[in-house]
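Thanks, everyone. Let me put the model up and walk through a few of its features.

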Amino acid sequence: MNENPRAPQPEAGTIPGEIPLFVTRDLVIFPGLIVPLTVTDPTFSRTIDHMTERGRRTIGLFLRRPEAKDDEKTLKSVHRIGTALTIHRMMRAGEGMVRMIVQGLQRVELQDLTQTDPFPIGRVKVREHKPRRTVQLEALMRALKDDFEKIAELSPNLPDELKMAVRNMDNPSALADMIGAHIELDEQVRQQLLSAIKVPERMRLLRELLDRELRILRVGSQIQDKARGEMEKSQREYILRQQLREIRKELGEDDEQGGEAEKWREKAEAADLPERVMEVASEQIKRLERINPASAEYSVVTTYLDWLVSLPWEKLSEDNLDLKHAKRVLDDDHYGLDDIKDRILEVLAVRKLKPDAQGSILCLVGPPGVGKTSLGKSVARAMGRRFIRVSLGGVRDEAEIRGHRRTYVGALPGRILQKMKEAGTRNPVFMLDEVDKLVSDFRGDPSSALLEVLDPAQNDTFSDHYIEIPFDLSKVLFITTANYAEMIPPPLQDRMEIIRLPGYITAEKVEIGRQYLVKRQIEANGLDKGRIRFSRAALREITNYYTRESGVRNLERAIGTICRKVAYGIATGEIKDTVSVKKGNVHEFLGPRKVTPPWVNRKPEVGVTNGLAYTPVGGSVLQVETARMPGKGNFRVTGQLGEVMQESAQIAMSWIRAHQDQLGIEQSLLENSDTHIHVPEGATKKDGPSAGITMTTSIASLFTGRRVRSDAAMTGEITLTGHVLPIGGLREKVVAANRARIKHVIIPEDNEKDLEKVPEDVREQIEFHSVKTISQVLELALEEEGARGRDGRVKKRAAKSGTDGNGRAPAKKREPAEV
């Protein structure tokens, strides 16, 4: 709206008490201002016709309230304070358009609508206020003039003539109206100024609006100055580079170096680097321009620049947090593992509800071949993220994680940033494999370097020694894997949530083989599904007699061997029909059975006890053998036993000596005999306190001459007072006992709660005996003369069970579930 400076104001008495009205949504005119208008409203055309017929030139301009509808014709739909206008010049332009020049006369108050159709007419009353000239009023006038002058200097659209007109004005009301008409204001805000009848009140309101407008203009001016400065700097650099290029041409120097720097500059701009990274890249490019291409430093700078522009500083992939889709992917890729799948889905659910939440670092702990790495791949596939993996086994140098400083020859970033570059996004699923196999020596401790990587409170500013610019890893979903949680350093373990993946039982392996492994190996060996079939009995035969593992890797290798032999037969023409692999012909493909089941040669013996152990590759049944020979009461242990296990053997021997009378052992027998405890499989290191009751039972059997039941196994720590303490890894130990066809398992009473984690079909085939003291163990495990029947059932009272509260688990007549 272009408004001209004030014209002479007509007398108030020339305004009739009843005038036609012009109601608009986007126009406010202050008294005393001359304004050109173009109106296309048909209602206004009828108003003009009425005024022309009666020779009138005065009309009332009122602003419609923002909440009122356009066709509303009530007193409440318009602001009550408007401006009386006089029409100086008017011209019809055709098609209902009217062009005219109007001048604001005075503020008027709309008191009533006397007519609404065909055009509005209202009764109005002049509202003007003549203030007393006080010191405060003079101060307000000076402040308004100063503020307007500052605004005029920052705004190029305000002419110098307007500044002079404002500076020379002496009427406070006219001054406020003039300034209010020429600053950028919303029409509803202008209406507030128009409605302020009292001049001091109007001036104070205008002062606040001028102050806000001045701040906006100053900020805008700073932005323009900054943009102009950057543009001038860029243009200056461009001109100087062009001049430098021409100078080099005149001197006959090769321009290849300048062209290389320009290429890197274009790459840096195309990479959309953060401001800090762009500053470092620009500094390195300037260095590059000053370095001779034959210098060794030249390749160092170009390699560094390549890493800067290649890392995904800002690039993020879009997450798919559909939990139904994620569950379907996990179920398609893995059999069982329901607890682990639920925990992963919980992590995804939290990310869906709170995308900026600092998620926990998951650590999947379990034996080899149970699906830890493939779970990470499934999570990435479910979320639609890239999957990257780093194996930390044997890593002993901190620089493998953080990189080398650029002062070293051949320096590169660490594995973390190398894989981030490979991923191409800042939020991949990052798997750190074998985190328990890190090695610390004089070259450094890589596990300490991982503390920053795996701490959500720190990894948003991860610092690599090579890049030396903080890199944000907070959006990465880290998943670590380990075979043995106890080997992970405690500070690192504290930053992760341990999720244990147990070993599979035989039934689970058979289903995994049938649903996943057979299909994968048939496809990998180029066979059609209809050319080879595996029966469940064949898979069970392979599992029991050709593999001994907690996972399924060797099972898949065996299936692959059979598929390759069939593929060879088909390729040579020897096999023409479909091959059915059954229990009876597995040996034709894999040869004789490779694993002798532990129950084949098992029988009750004196001094031989079945113990349950937990190892990094799952649970196992270990026999503890004890022998005595004439001597002087010496005691020794063998079988690569660790310090804790040796101490358990000492405690067991001390308890036997302390209770020799209760056990019926002659003192002379202990004094004149040397005792030797051996745990077979001597090539395997063993440690831990859970073999305490096993060793005690073996020694007691040796010196009492009572045989130990061969269908029973046990686990538990013993104290010098004979109490049995709880142990860990119960699920894996029980599964191993079931695999070995053990019928009775003796466990500490405090471990009853852990039986819930044991598969139900395994619990149904084992009778559990929970004990508190070693005396209960001996009562259960040692045979009485004539007390063992053909069915091998224990005739002594068993301690209460952890499954049904009656001292034993439900025992159903069915084949044992093996692993």
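Start with the cysteines. A search of the whole structure turns up 0 disulfides, a disulfide being a pair of cysteine sulfur atoms within 2.5 Å. Cys-363 is buried, at 0% relative accessible area. Cys-563 is buried too, at 0%. Buried here means under 20% relative accessible area, exposed means over 50%, and partly exposed is in between, with a 1.4 Å probe and protein chains only.

Some ground rules. This is a predicted model, where local features need pLDDT of at least 70 and side-chain atom pairs count only at pLDDT 80 or more, while totals for chains, interfaces and linings use all residues. Residues are numbered from 1 along each chain as its sequence is written, and side-chain values use heavy atoms, leaving out hydrogens and water.

Now a helix pair. Helix α17 (residues 506–524) and helix α18 (residues 536–545) have axes that come within 9 Å and cross at roughly 115°. Helices (H or I, at least four residues) and strands (E, at least two) are DSSP runs, numbered from the N terminus. Axes are lines fitted to C-alpha atoms, for helices over the stretch in contact, with angles from 0 to 180 degrees between N-to-C directions.

Who makes the contact? On α17, Thr-506, Lys-509, Val-510, Glu-511, Gly-513, Arg-514 and Val-518. On α18, Arg-536, Leu-539, Arg-540, Thr-543 and Asn-544. Contact means heavy atoms within 4.5 Å. By class, the residues of this contact are 3 nonpolar, 4 polar and 5 charged. Ala, Val, Leu, Ile, Met, Phe, Trp, Tyr, Cys and Pro count as nonpolar, Asp, Glu, Lys and Arg as charged, and the others, Gly among them, as polar.

Stay with α18. Of its 10 residues, 7 are buried, so the helix is largely enclosed by the rest of the structure. The buried residues are Ala-538, Leu-539, Glu-541, Ile-542, Thr-543, Asn-544 and Tyr-545. They pack against α17, β12 (532–534), α19 (553–572), β13 (579–581) and α20 (586–590).

On to the cores. A nonpolar core is a set of buried Ala, Val, Leu, Ile, Met, Phe, Trp, Tyr and Cys residues joined through side-chain atoms within 4.5 Å. The largest has 53 residues, and Leu-308 and Ile-467 touch the most other members. Helix α9 (residues 296–310) gives the largest share, 7 residues. What does Ile-467 contact, leaving aside neighbours within four places in sequence? Tyr-304, Trp-307, Leu-308, Leu-311, Trp-313, Arg-406, Pro-413 and Leu-417. Apart from this core lies another, of 51 residues, and its members include Ile-344, Tyr-545, Val-552 and Val-579.

Next, backbone geometry. Most residues other than glycine have a negative phi, and most peptide bonds are trans. Asp-117 and Pro-118 are joined by a cis peptide bond, with omega about 0°. Pro-118 sits in the loop between β5 (97–115) and β6 (121–126). Glu-434 has a positive phi, near 55°. Its loop runs between β9 (429–433) and α15 (446–453), and Glu-434 is partly exposed at 22%. Arg-741 has a positive phi of about 60°. Arg-741 lies between α25 (730–739) and β21 (744–748), partly exposed at 28%.

Last stop, Phe-148. This residue is in helix α2 (residues 135–154). Phe-148 is buried, at 2%. Beyond neighbours within four places in sequence, Phe-148 contacts Leu-158, Leu-162, Val-166, Ile-179, His-182 and Ile-183. From its C-alpha to that of Ile-727, 579 residues apart along the chain, the separation is 84 Å.
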